[in-house]
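Please keep the structure open while you read these notes. They take up a few features one at a time.

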Amino acid sequence: MINTLSATMPQCSVIDEENADSSTAFRIFTLGCKINQYESQAVHQALVARGAHEAENGESPSLVVINSCAVTAKAVADSRQLVRRVARDWPDATILVSGCAAQTTPEMFCAKALDIDDSFPDRIQVMDQCAKAELAGEHQIIMGPLTAFGRSRPVVKVQDGCIQHCSYCIVPLARSSLASKPADAVISEVRQLFLAGYGEVILSGINLRLYGYDKPERSDFFHLLAEVDATLAPEFAGRSRIRLSSLDPAQLTESALDILAGSRLVTPHLHLSMQSADRDVLRAMGRGHYSPQKILERLHDVTAFWPVFALGADFLVGFPGETDDMFDRTLKTVMDMPLTYAHVFPYSKRPGTRAATFSGQVSASVKKTRAAALRRVAADAKVAFIRRVASMSHLTMAVERTAPVHGVCEYYVECAMSQDIQLKGSECAGLISVTPLTATDNSILVQPEESVSSSGSDV
């Protein structure tokens with residue numbers, strides 16, 4: 001039986017301020033995107049504020065929150081498998097399933113659907129988005145602020161919701177309500193994280209192209225970025241930085257490039273949700289609002305202010321109706337792009353989306369072949385870029401792990417310290433100036449410089 005917590009009963013028999021104490025142990029598991037990471041941290045923060053604590057190694061939690069993902073069929077399967085494992089490992093725990101998979105297919109997370117012999121009534125509870133927000137102490141949509149983060153490079157959620165309805169995408173069915181965090185709230189949250197010692201903060205949203213659509217003034221994401229940079233750069237430029245999450249290619253306007261060119265905080269890194277580089281496929285996807293050729297021109301313009309920059313992109317191959325010629329156009333465009341890495345996904349049917357009913361479905365073997373071809377091109381580009389970055393005189397690494405020291409440089413390349421060093425205080429999540437030594441196919445071996453310098457690098 002599935003129980004969906006209503007917005008008026010978010011803490012229903014699970015945890016509340018009166019009953020929570022230090023004996024209430026919880027665990028939170030997160031699948032999917034950076035927004036899920038942010039929302040999981042918000043739930044974590046709220047539970048701790050109510051007196052609960054995160055279960056330590058060997059301690060059985062009484063409450064487990066699983067923040068699920070629905071972007072692909074595999075993501076849903078992974079979410080279901082995780083619920084089964086948690087139910088098996090902690091038979092006395094109450095399990096709250098939240099996130100997009102719980103929102104779009106709640107019936108798939110009941111004990112019967114999961115083939116779990118569960119005699120604990122109401123043990124698995126599926127939360128809608130409002131219930132999850134209330135559990136995190138938010139109203140309707142989780143928008144923060146967060147005062148700390150469980151990862152070394154914290155995410156700041158500035159936008160939620162999508163109404164674009166790309167024909168393949170399930171997300172608008174899970175997150176149809178738009179919300180944009182006001183600029184002053186974003187600035188305050190980023191500043192507090194910088195002051196707490198985090199050297200890199202990621203600005204993210206479900207669809208950053210829709211930032212401001214829910215506001216009368218309709219300010220867009222890049223105007224937000226300009227305000228954040230103008231306010232915080234005088235205090236933090238050179239010792240803290242901002243990384244941008246995935247952008248819609250149409251966001252690369254002349255105005256946006258001007259803002260990026262003038263930024264003192266933003267890392268030289270873009271990630272674009274391209275999906276395809278064939279105009280007919282893009283139109284069928286519901287993404288005919290940008291031209292692959294125009295994006296190539298914009299990327300060329302970026303080199304005027306970032307001679308070296310990381311460029312990632314998402315691609316969906318084997319979309320219904322995609323022919324060999326259409327795929328070849330995407331492959332050729334990728335070869336023409338200054339790409340440094342790519343996330344390549346074979347198309348999978350998502351029930352409830354328009355594309356699931358389209359004719360011309362591509363066979364699994366063809367999708368696999370096309371995905372492999374595109375990944376090979378991306379892999380070659382990644383290796384070449386890592387070698388280029390490794391030839392620079394210095395880099396600035398955001399620390400992600402301390403034993404041994406490991407992190408990510410401004411160009412979104414993994415870096416590993418060549419020697420054991422001891423980090424103190426804010427260094428454990430901050431920025432360290434390093435000298436590149438050698439490159440591998442996936443990372444750069446580095447050594448520390450004598451002093452920390454700015455986040456810029458020789459190009």
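1. Is phenylalanine 194 buried or exposed? Phenylalanine 194 is buried, because its relative accessible area is 4% and the cut-off for buried is under 20%. Keep in mind that this is a predicted model.

2. Now look at phenylalanine 236. Its relative accessibility is 0%, so phenylalanine 236 counts as buried too.

3. Next, take rings in pairs. A pair of aromatic rings is described by the distance of the centres and the angle of the planes. The count of aromatic pairs comes to ten. One of them joins phenylalanine 194 and phenylalanine 236, with ring centres 5.0 Å apart. The planes of these two rings stand at 50°, so the pair is tilted.

4. Where do the two partners sit? Phenylalanine 194 belongs to helix H6 (residues 183-195), and phenylalanine 236 belongs to helix H7 (residues 221-236). The pair therefore ties together parts that are 42 residues apart in sequence.

5. Phenylalanine 319 and tyrosine 347 make an edge-to-face pair. Their centres are 5.5 Å apart, and the angle between the planes is 75°. Phenylalanine 319 is in the loop between E12 and H11, while tyrosine 347 is in the loop between E13 and helix H12 (364-390), so this pair links parts 28 residues apart in sequence. Both phenylalanine 319 and tyrosine 347 are buried. Ring pairs also join Tyr168, Phe319, Tyr347 and Phe358 into a cluster.

6. Turn to the strands. Strands of a sheet pair through backbone hydrogen bonds, either parallel or antiparallel. Here, three strands make an open sheet, ordered E11-E12-E13, with parallel pairing. Strand E11 (269-275) and strand E13 (341-346) are the edge strands, and each pairs on one side only. On average, neighbouring strands of this sheet are turned by 10° against each other, direction ignored.

7. How many bridges join E12 and E13? Strand E12 (residues 310-317) pairs with E13 over six bridges, in the parallel sense. For aspartate 314, the bridge partner in E13 is histidine 343.

8. Last, a helix. In helix H10 (residues 292-302), the buried residues are Pro292, Ile295, Leu296, Arg298, Leu299 and Val302. Viewed down the axis of H10, they fall within an arc of 165°, so they line one face of the helix. An α-helix has 3.6 residues a turn, so residues three or four places apart point the same way. What covers the buried residues of H10? The cover includes helix H8 (254-262), E11, helix H9 (279-285), E12 and helix H11 (324-336).

Terms used. Residues are numbered from 1 along each chain as its sequence is written. This is a predicted model: local features need pLDDT of at least 70, side-chain atom pairs count only at pLDDT 80 or more; totals for chains, interfaces and linings use all residues. Side-chain values use heavy atoms; hydrogens and water are left out. Two strands pair if DSSP finds at least two bridges between them. Helices (H or I, at least four residues) and strands (E, at least two) are DSSP runs, numbered from the N terminus. Axes are lines fitted to C-alpha atoms, for helices over the stretch in contact, and angles run from 0 to 180 degrees between N-to-C directions. Buried means under 20% relative accessible area, exposed over 50%, partly exposed in between (1.4 Å probe, protein chains only). The arc is that of the directions from the helix axis to the C-beta atoms. Contact means heavy atoms within 4.5 Å. Rings of Phe, Tyr and Trp (its six-membered ring) pair if their centres lie within 6.5 Å; planes under 30 degrees apart count as stacked, over 60 as edge-to-face and the rest as tilted.
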